[in-house]
Amino acid sequence: LLTCLVCGGGMTAWVTFAGNAQFKDVQVKAVVVQQRPNIGGIAIKDQKGVVRPQNVPVAININLGADGSFRQDNVLNLQDAFNPEQMRHKLYAVRLEAGTAYQIDMTSNQIDSYLVLVDDKNLLVAQDDDGGGDLNARLIFTPVRTGLYHIEAASLDMSVGNYTLTIRRRP
């Protein structure tokens, strides 16, 4: 049982979900994506019924360089928030252009890297565990519309440690 505070449009409401009911399957151009819970304002009711707010991550804004790339070394730590799949993560925001292919890599020799990509309508559009080889994650994604996308750089095995996130436009 999961209870969360949903904030949107200046309105606040308590919503209770059981199991995985927080996801709603949506069909978009023959690709099944999942509606995700709101990124902000999540609270969980503990075993004693006390509502405890989750750490709400502040997105790290990404600006691609003139060469169409971005690179950042960072650390997942015990203070990082959990995403809806209950993985610690850092949240990134990047504007992606329709029709342009992007390669997103998360590499580490300390954690099992996991990438989640969410579009501007809060739909999960891509995710990867080991597509970059070994325990590294890789997404190759071409958006159908221009918008602000969120990347969740996560640890699949709940470990903490150093990682590198790179994004580049592909030819």
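Which residues does Ile 151 touch, not counting residues up to four places away in sequence?

Figure 1. The secondary structure of the protein chain comes to 15 strands and 0 helices. Of its 171 residues, 40% are buried, and the accessible surface comes to about 9,300 Å², with 52% of that area belonging to carbon and sulfur atoms. When contacts between residues at least 6 apart in sequence are considered, 67% of them join residues at least 24 apart.

**Figure 2. Ile 151 and its contacts in the predicted model.** With residues up to four places away in sequence left out, Ile 151 touches Ile 62, Lys 90, Leu 91, Tyr 92, Val 94, Ile 104, Leu 115, Val 116, Leu 117 and Ile 167. In soluble globular proteins, nonpolar side chains tend to be buried together. The largest nonpolar core here has 23 residues, and the members that touch the most other members are Ile 62, Met 106, Ile 151 and Leu 165. At least two residues of this core are supplied by each of the strands β8 (69-76), β9 (89-96), β10 (102-107), β11 (113-118), β13 (137-141), β14 (147-155) and β15 (161-169). Another core, of 6 residues, lies apart from this one and includes Tyr 114, Val 116, Val 118 and Ala 154.

**Figure 3. Asp 128, a buried residue that has no salt bridge.** Asp 128 is found in strand β12, which covers residues 123-128. The nearest side chain of opposite charge belongs to Arg 138 and is 7.5 Å away, although the side chain of Asp 128 does reach the backbone nitrogen of Arg 138, at 2.8 Å. A polar atom of the Asp 128 side chain also lies 2.7 Å from the backbone nitrogen of Gly 131. Not counting residues up to four places away in sequence, Asp 128 touches Ser 113, Tyr 114 and Leu 115, as well as Asn 136, Ala 137, Arg 138 and Leu 139.

**Figure 4. Leu 64, in the loop between β7 and β8.** Once neighbours within four places in sequence are set aside, Leu 64 is in contact with Ser 69, Phe 70, Tyr 102, Ile 167 and Arg 169. Leu 64 and Val 94 are 30 residues apart in sequence, while in space the separation from C-alpha to C-alpha is 8.2 Å.

Methods:
Residues numbered from 1 in each chain as written. Predicted model: local features only at pLDDT ≥ 70, side-chain atom pairs only at ≥ 80, totals over all residues. Heavy atoms only, no water. Core = buried A, V, L, I, M, F, W, Y, C linked by side-chain atoms within 4.5 Å. Buried < 20%, exposed > 50% of the residue type's maximum accessible area, 1.4 Å probe, protein only. Helix = DSSP H or I, 4+ residues; strand = E, 2+ residues; numbered from the N terminus. Contact = heavy atoms within 4.5 Å. Lys, Arg positive; Asp, Glu negative; His and termini not counted. Salt bridge = Lys/Arg side-chain N within 4 Å of Asp/Glu carboxyl O. Polar contact = N/O pair within 3.5 Å; in protein donor to acceptor, adjacent residues only side chain to side chain. Areas by Shrake-Rupley, 256 points an atom, 1.4 Å probe, with all protein chains shown as cover.
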